[in-house]
Protein chains: 2
Amino acid sequence: MRLKDLAEHLGLSQTTVSRALNGYPEVNEATRLRVVETAKRLGYRPNASALRLATGRSGAIGMVLRGSYEFGPHTSEFLGGIGERLADEEIDILLTTVESFEDEVAAYRRGAASQKVDAFILHSPTLHDERAELLLDLKVPFVLHGRTNIGKPVAWLDIDNTGAIERATSHLLDLGHRRIALLNGIKGRTFAEHREIGYLAALSARGVSFDPALMGNSVFTDEIAFRMTQAMLELRPRPTAFLAGSMMTALGIFRAIRQAGLELGKDVSMIAHDDVFPYLNADNMYPSMSTTRSSMRQAGTRMAELILQILAGKPIEDVHELWPVELVLRESSGPAPQ
Amino acid sequence: MRLKDLAEHLGLSQTTVSRALNGYPEVNEATRLRVVETAKRLGYRPNASALRLATGRSGAIGMVLRGSYEFGPHTSEFLGGIGERLADEEIDILLTTVESFEDEVAAYRRGAASQKVDAFILHSPTLHDERAELLLDLKVPFVLHGRTNIGKPVAWLDIDNTGAIERATSHLLDLGHRRIALLNGIKGRTFAEHREIGYLAALSARGVSFDPALMGNSVFTDEIAFRMTQAMLELRPRPTAFLAGSMMTALGIFRAIRQAGLELGKDVSMIAHDDVFPYLNADNMYPSMSTTRSSMRQAGTRMAELILQILAGKPIEDVHELWPVELVLRESSGPAPQ
DNA sequence: AATAGCATTCAAAGCGATTTCAAATTTTGA
DNA sequence: TCAAAATTTGAAATCGCTTTGAATGCTATT
């Protein structure tokens, strides 16, 4: 069922039918009703490709993901959040999977040149993000989840990682901990660097010296966290507190602590960063987990909103949001053992 | 940079340039090289919408997800698997988010009518899946992850849920357990029904009577599993073994067991279904977790492959795959206490 | 009654690719 | 050497929509 068919069926021109369906004013109200009603009855839907070709808009927002490890729980929550906002808009998410960083850059280039998407959502930036520069060059609208330093204005939404970790660290210091381990994300990623800054700031504010052996950088899996924690617990004096970069990390740390015969919240404390997974609740863990909390899903929803605003013409200079992060104290963090 | 521009730049017709780029045989080798080289140098990429309109293919595979709860860890693994296979093909995944079941059906209808995607991946089917019927009616290619009973041939890939749970249950019975709880998925979903069948079959094969109080149906979150387990552990005689529908469920069950002062693998046994999450390894849990294991990611990859085959013309009657499920015994399952 | 103005409608020209069909050129074979 | 065949190129139609600019019919005004 094409527009042409529908027009013939109605005894009208394509022009009029198109206008009627798209709500243009210069069409008789009676005609409009007849058109809309018939279109609905016959189940007419404009061909997406034709529509896109004619309007220049693609009706999709793009995201490029590294297949091997970027499809994690964070990503699905983030996508869910984006989707929640986009559901009303009849705009879809176009996922492109790639294997390497080079492929990723190429994917943005392709996506831009072929106009598959109206805008991109860029995530997990590095301190100086090449992809952001590329998209700026190509003049493709995008919003960055996180921040980067490329000397040009970029639309972004980020959480206050520095502040969050600084407060968490300070709290642990208040509790008497002096050997505080940080299991952080991959070096070079802005969020990880920001967290490190907060960590170091809190330590130096109390004159506690920084021990590189107490810091680890890696992707957030329970396995790597387990191994790192095992190794750190061998140190003497051993760490009495852990800062976990994610809930997955927290599970690994927790496991290592138990395996070492130690008790979480008593012998060793932990504060984890919680992206708020509906299927893994910090409050319901045993012992319940102290966290720095910020909902990934909410971020996604807001990111979608920001993209829509940008597509509607809002200047990117006005699109910057820094979200505060809650510190939620529960049982996993307690006074340092004597 | 349009095809037209490129053609003018080269002093050739659009026809020839198009042919050269698409590898048609009737173009001079020297010309082809010149065209390809220039296209590359100038960064030419065909406009996706125009290409789609002209060819009728959209270059994307669609998936519809309920925003509220279908973006879970299973989904991201599955998407990751699909993406892995699609990465080489320059085919993308088009995600449509919806809020209700009605919206979902409408989304398939829209997607089909507007030809946004070349095919759909259908997931989490019910015993008699309306969406599958719709897509068959609309003649849109699709592959089903799971199975459904609609009396017409459908392409599908499923794991042997019945066999897996039957074996797991039998094994627990062998270990002397008689009160075995099943924390299953939502009623009506084929996979959950299949698991129930396996469970009941194993019980009745040993003449163990089924106690409805030992069966729970819900989405797989640690919280709900925790509550259900708490309630079940109050029963007298209480269950001595649990079958967990997912690793998330397993975490909840584990928590409830610990909170009740019981020891997993000794006082209470558990076998969980493991979709193989890279960030949550059954082998690395403490105690390590016995599982029925089947990689969600691999399923996704294979689903993508099957879709490609169907789009290449393979008859859907020939696309049925039932994957066996491994039973991996570890520390969480032991002999029933006396 | 003639004209201006308004409300509706339509034919046709795009959007940027592919593809059909025809034309031009070169090669081959007798 | 010349016709036939093969190779290579191009003009124009096509995909299904939007949108421009023109045309139509009707009402209102003088």
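I began with the contact of two helices of chain A, where A:Asp222, A:Glu223, A:Ile224, A:Ala225, A:Phe226, A:Thr229, A:Gln230 and A:Leu233 in H10(A) meet A:Met248, A:Thr249, A:Leu251, A:Gly252, A:Ile253, A:Arg255, A:Ala256 and A:Ile257 in H11(A). Two residues are in contact if their C-beta atoms, placed from the backbone, lie within 7 Å. I noted the classes: 9 nonpolar, 4 polar and 3 charged residues. Ala, Val, Leu, Ile, Met, Phe, Trp, Tyr, Cys and Pro count as nonpolar, Asp, Glu, Lys and Arg as charged, and the others, Gly among them, as polar.

I recorded that this is a predicted model, in which local features need pLDDT of at least 70 and side-chain atom pairs count only at pLDDT 80 or more, while totals for chains, interfaces and linings use all residues. Residues are numbered from 1 along each chain as its sequence is written, and chains are lettered from A and ligands numbered from 1 in the order in which they are written.

**Helix angles**

I looked up the angle between H10(A) and H11(A), which is about 40°, with the axes 7 Å apart. Axes are lines fitted to C-alpha atoms, for helices over the stretch in contact, and angles run from 0 to 180 degrees between N-to-C directions. Helices (H or I, at least four residues) and strands (E, at least two) are DSSP runs, numbered from the N terminus. H10(A) and H11(A) are therefore oblique to each other. Angles under 35 degrees count as roughly parallel, over 145 as roughly antiparallel, 65 to 115 as roughly perpendicular and the rest as oblique.

I then turned to H6 (residues 101-113) and H7 (residues 130-138) of chain A, whose axes come within 10 Å and cross at roughly 15°. That angle makes H6(A) roughly parallel to H7(A). On the side of H6(A), I listed A:Glu104, A:Val105, A:Tyr108, A:Arg109 and A:Ala112; H7(A) contributes A:Glu130, A:Arg131, A:Leu134, A:Leu135 and A:Leu138. I found 6 nonpolar, no polar and 4 charged residues in this contact.

**The two chains**

I checked how the chains meet: 55 residues of chain A are in contact with 56 residues of chain B. H5(A) gives the largest share of the chain A side, 9 residues. By class, I noted 25 nonpolar, 18 polar and 12 charged residues on that side. Because 100% of the interface residues of chain A are also interface residues in chain B, the copies meet through the same surface.

**Two loop residues**

I located B:Gly265 in the loop between helix H11 (247-259) and strand S9 (269-274) of chain B. B:Gly265 is partly exposed, with 18 other C-beta atoms within 10 Å. A residue is buried if 20 or more other C-beta atoms lie within 10 Å of its own, exposed if 12 or fewer, and partly exposed in between, with C-beta atoms placed from the backbone. Not counting residues up to four places away in sequence, B:Gly265 touches B:Pro287, B:Glu331, B:Ser332, B:Ser333 and B:Gly334.

A:Pro287 counts as partly exposed, with 16 C-beta neighbours inside 10 Å.
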